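Thanks for coming, everyone. Let me put the model up, and then we'll walk through it.

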Amino acid sequence: MTARLRPTHAEVDLDAIRANVHTLAAAAGDAAVCAVVKADGYGHGAVPVARAALDAGASWLAVALVEEGEELRDAGIDAPILVLTEPPPAGVDRLLAARLTPAVYTARFGRALDAAGRGRGEPVAVHVKADTGMGRVGVPPDGWEGFLAEAAGWSGVRIEALWSHMARADEPDAPTTAEQQDRFDAFLALAGEHGIEPALTHTANSAATLVQPRARRDLVRVGIAMYGLSPSTEVTADGHGLVPALRFVTEVGFAKRVTAGTPASYGHTWSAPADGWLASLPVGYADGVPRLLSNRGEVLLRGLRRPIVGNVCMDQLLVWCGDDEPHVGDEVVLLGGQDGARVTADEWAAWAGTITYEIATGITRRVPRLAR
Ligand SMILES: *Cc1c(COP(=O)(O)O)cnc(C)c1O
């Protein structure tokens, strides 16, 4: 590896991950913790986050893709890994080779696993997913009876869990979660009539773990909150004692004094309001700073908030420092804390009109992640 030249990177604080797992485990009560590390651990690094979460007492991991599960196995991680969505049919062999636990919600995929389980003489443990109102994937209610009747006869499959996913757990006042829980109970009752008695049931994401007691069941699948980020504006990380794990930093790359009225960056959408100092930072939208932060976002420089001015470029952005002279090499914090001040992913999400999930997963591969 050649040394990095550009001073732009993300620090990932694994102690924060561990602390958040403890906080979530306490909120979950008797339920076990499944650490969701899909999308490279929400941009934090799947392998180090998975290790830290297991260290802190998580007993399961979850990913979206077989490939993501393989990455964890290749790193020597031995914990059970749930694959939250069905892979294409060609994924069955790799899924079994990597000892991953598949979500199942189509008869076609269930039959393929049944055949594989009978073929190897050992049933495949699966988690059958019901759609109780998310409306995305899962056996839809009008298919429950047919699916369960067939699945009860799959000798190559062992139904380890029945589960579902909440659409509006992050809105404490929405009636939807209670309705989904009622439907899930009906699904469990129907499964029982077919002799299906799973060891586990699970329906909670981060928000449900924090604010929807009924959803906690036996296992909670926590993603965003484990990273110390807010599930929504109503269910916040801060409000639940969760600590952001990622700090996105760079340095002043270039600084100059400009006169009032000097325009800057593409489109000249900004010009200097007075004589003063303009700093250029070596970071841009190709690193995951949304272009929507142009003339809207703020960074930290020597513990003070400084506005992002002009249009954010692919590799650079500009910050107005007024009368305070910035120096090349000064640390600039894009996300996280500096000298007691803090910029949060909640703020970025508000500035960019999106959610913390997209902010975290939007920090691109060009930004090295330094776990510590
Ligand atoms: C991503 C995901 C989770 C984790 O959700 P968070 O809101 O990040 O806690 C849980 N369950 C499923 C099915 C998911 O896709």
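Is asparagine 20 buried or exposed? Its relative accessibility is 0%, so asparagine 20 counts as buried. Buried means under 20% relative accessible area, exposed means over 50%, and partly exposed is in between, with a 1.4 Å probe and protein chains only.

A word on ground rules. This is a predicted model, where local features need pLDDT of at least 70, side-chain atom pairs count only at pLDDT 80 or more, and totals for chains, interfaces and linings use all residues. Residues are numbered from 1 along each chain as its sequence is written, and side-chain values use heavy atoms, with hydrogens and water left out.

Back to asparagine 20. It sits in helix α1, residues 14-28. Helices (H or I, at least four residues) and strands (E, at least two) are DSSP runs, numbered from the N terminus. Setting aside residues up to four places away in sequence, asparagine 20 touches Ala225, Met226, Tyr227, Gly228, Leu242 and Val243. Contact here means heavy atoms within 4.5 Å.

Now the ligand. How many residues surround it? The count is 14, and the closest are Lys38, Tyr42, Ser206, Ile224 and Tyr357.

Lysine 38 places a side-chain N or O atom 2.7 Å from an oxygen atom of the ligand. For tyrosine 42, a polar side-chain atom is 2.5 Å from a ligand oxygen. Isoleucine 224 uses the backbone: one of its N or O atoms there lies 2.8 Å from an oxygen atom of the ligand. Taken alone, the ligand exposes 390 Å², and the protein buries 93% of that. Those areas come from the Shrake-Rupley method with a 1.4 Å probe. Which elements give two or more residues to the shell around the ligand? They are α2 (38-43) and β9 (219-222).

On to threonine 201. This residue is in strand β8, residues 200-202. Threonine 201 counts as buried because its relative accessibility is 11%. Beyond its neighbours within four places in sequence, it contacts Leu162, Phe184, Leu188, Arg217, Asp218 and Leu219.

Arginine 217 lies in the loop between α9 (206-211) and β9. It is partly exposed, since its relative accessible area is 23%.

Where else is phi positive in a residue other than glycine? Aspartate 339 is one such place, with phi near 50 degrees. Its loop runs between β18 (331-338) and β19 (341-343). Aspartate 339 counts as exposed because its relative accessibility is 65%.

Last stop, aspartate 275. It lies in the loop between β13 (270-271) and β14 (276-281). At 40% relative accessible area, aspartate 275 is partly exposed. A polar atom of its side chain is 2.7 Å from the backbone nitrogen of alanine 260. Not counting residues up to four places away, aspartate 275 touches Arg257, Val258, Thr259, Ala260, Trp320 and Asp323.

Methods
A polar contact is a pair of N or O atoms within 3.5 Å; within protein, one must be able to donate a hydrogen and the other to accept it, and residues adjacent in sequence count only if both atoms are side-chain atoms. A residue is near a molecule or strand if one of its heavy atoms lies within 4 Å of it.
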